[in-house]
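Hi there,

Here is the structure I promised to pass along. Have a look, and then read on for what turned up in it.

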Amino acid sequence: MRHTTCLSTLLALGLISQSPALLANNLVFCSEGSPAGFDTAQYTSATDNDAAEPVYNRLVEFERGGTAVHPALATRWEVSDDGLRYTFHLREGVKFHSNKAFSPGRDFNADDVLFTFNRMLDKGHPFRQAYPTEFPYFISMGLDKNIARVEKIDPLTVAFTLNTVDAAFIQNLAMSFASILSAEYAEHLMASGKPSDINQQPIGTGPFVFQRYQKDSQIRYKGNKAYWAPDEVKIDNLVFSINIDPSVRIQKLRRNECQVTLHPRPADLPALKADSTLQVLQQPGFNLGYIAYNTQHPPFDRLEVRQAMDMAVNKKAILQAVYQDSGQLAVNAMPPTQWSYDESLKDAPYDPEKAKQLLQQAGVKPGTEVTLWAMPVQRPYNPNAKLMAEMLQADWNKLGFKVRIVSYEWGEYLKRMKSGEHDIALIGWTGDNGDPDNWLGTLYSCDAIGSNNYSLWCDPQYDSLVKQAKQVTDQAQRSALYQQAQQRLKQQVPITPVAHSTVNQPLSVKVSGFKVSPFGRNDFSGVSVD
């Protein structure tokens, strides 16, 4: 029978008890890492956001597989003539999930929107006092400073007032950090003395209800039978099977132990495409893999040192060995498919000898020890960080450095980088909302230090250009400012862009309705298994 190959897996996971026929409504996703938690406002990693995505909704959301924003928990909205006030009309009759400890006593309303955003805005918020945490995305985009207030007009109407115009505001609200939480559940957690359960026992309004999480093993969800968009829930049981090793993920996919996976190694693609039981969805990646120099660690606080490191990177060799046929050489701090991309920018020539001269002029002594951090996981923008790190180690050892490669578990890796422990780090980004600010503001601005600015680079000239660009709504004017910012960033070399990778998503031919997200999300709304 067609489903028997994954019967043992789902029996072991406790999803079914007998008939293989029940398997038609179950899907196993072979994911690549364990989430740190499910409170999306705390995290910026796709691993964390993927795990939370089934549980939540936002006021507005991106269309599946696209960049357009459409209504979700808000059915419509208006913007004032001055661009500073956004009024959202909320969807009526939306139900929150329940679990063993909590059953909602009311439907979703304006109080939940206020709780979600006021917790991020107000450091003195009671829930934030009870469960202290940081909100890196919210802060890196300056929303903590720009949202003046969030008001409840009536139970189904809320208004956001901004201090300055934010041309990307609606797109920002469609991102994972803006997932709407239950104020009633938060009150319950406060009363029971367990506020941190908001991160480990999530309650949302989304298409799937969280069941259980076992770190480094699995996450289980059930289809939400009370979902406000019932046609989007076509799976009874959704399982994230966590497998760090890409070869294990592929083996499980071929054995039908999972029906969707991600980030195959480039070398595996020909065989995957030739397998008649599989399909490989492909699209140009809206991503960037790059090298971040910690500009607050000597000697990388000096421009000429960063320039030397940059011109000693053999990008073509890395592209061939690491990305193979799935990458394009990167020159800029964002992908060429992003509007406002400056096509006039060029790389400095690959020139190790000139790099040595620059280091000598800067007084960097041969034998200087530096750390190079390499990601422990595959990402869409970097299929093999370990190999890339080894190639860079060889490139920079030739300059006289003693390069030591460092790695940590993914959550720890990100946490330590945000606090600036690294000298040089491999990292990258997949765009979240289609706006240039999601690259140039979120990754490289002064506000983003401590969140996504892993170079810890703060340049007043650059920062002024990026902030100006957010405060005008004319796209041509914004593009001109963003292009000036790109030129300044290229001159100052806080990063070395390496590659944009093509996204390849392997899945079973039995899976219907799955769409590759330009933002690297794995969304199972509307997905079914034949």
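Which residue forms a salt bridge with glutamate 151? The partner is arginine 149, with the closest N and O atoms 3.5 Å apart. Shared partners extend this into one network of salt bridges that joins Arg85, Arg149 and Glu151. Glutamate 151 is partly exposed, at a relative accessible area of 26%, and arginine 149 is also partly exposed, at 42%. Please keep in mind that this is a predicted model.

In total, the count comes to 28 salt bridges. Another of them pairs arginine 119 with aspartate 39, whose closest N and O atoms are 2.9 Å apart. Arginine 119 sits in helix H3 and aspartate 39 in the loop between strand S1 and helix H2, so this pair ties together parts that are 80 residues apart in sequence. Both arginine 119 and aspartate 39 are buried.

Lysine 145 and aspartate 447 also meet in a salt bridge, at 3.7 Å from N to O. That pair links helix H6 to the loop between helices H17 and H18, 302 residues apart. Lysine 145 counts as exposed, with 53% relative accessibility, while aspartate 447 is partly exposed at 21%.

Strand S13 (residues 287-293) may interest you too. Seven of its seven residues are buried: Asn287, Gly289, Ile291 and Tyr293 point one way, and Leu288, Tyr290 and Ala292 the other. S13 runs antiparallel to strand S17, joined by seven bridges, and isoleucine 291 has leucine 426 as its bridge partner there. Strand S18 is also antiparallel to S13, with four bridges between them; here alanine 292 stands opposite isoleucine 495.

Best wishes

Note on methods. Residues numbered from 1 in each chain as written. Predicted model: local features only at pLDDT ≥ 70, side-chain atom pairs only at ≥ 80, totals over all residues. Heavy atoms only, no water. Buried < 20%, exposed > 50% of the residue type's maximum accessible area, 1.4 Å probe, protein only. Helix = DSSP H or I, 4+ residues; strand = E, 2+ residues; numbered from the N terminus. Pairing = 2+ DSSP bridges. Salt bridge = Lys/Arg side-chain N within 4 Å of Asp/Glu carboxyl O.
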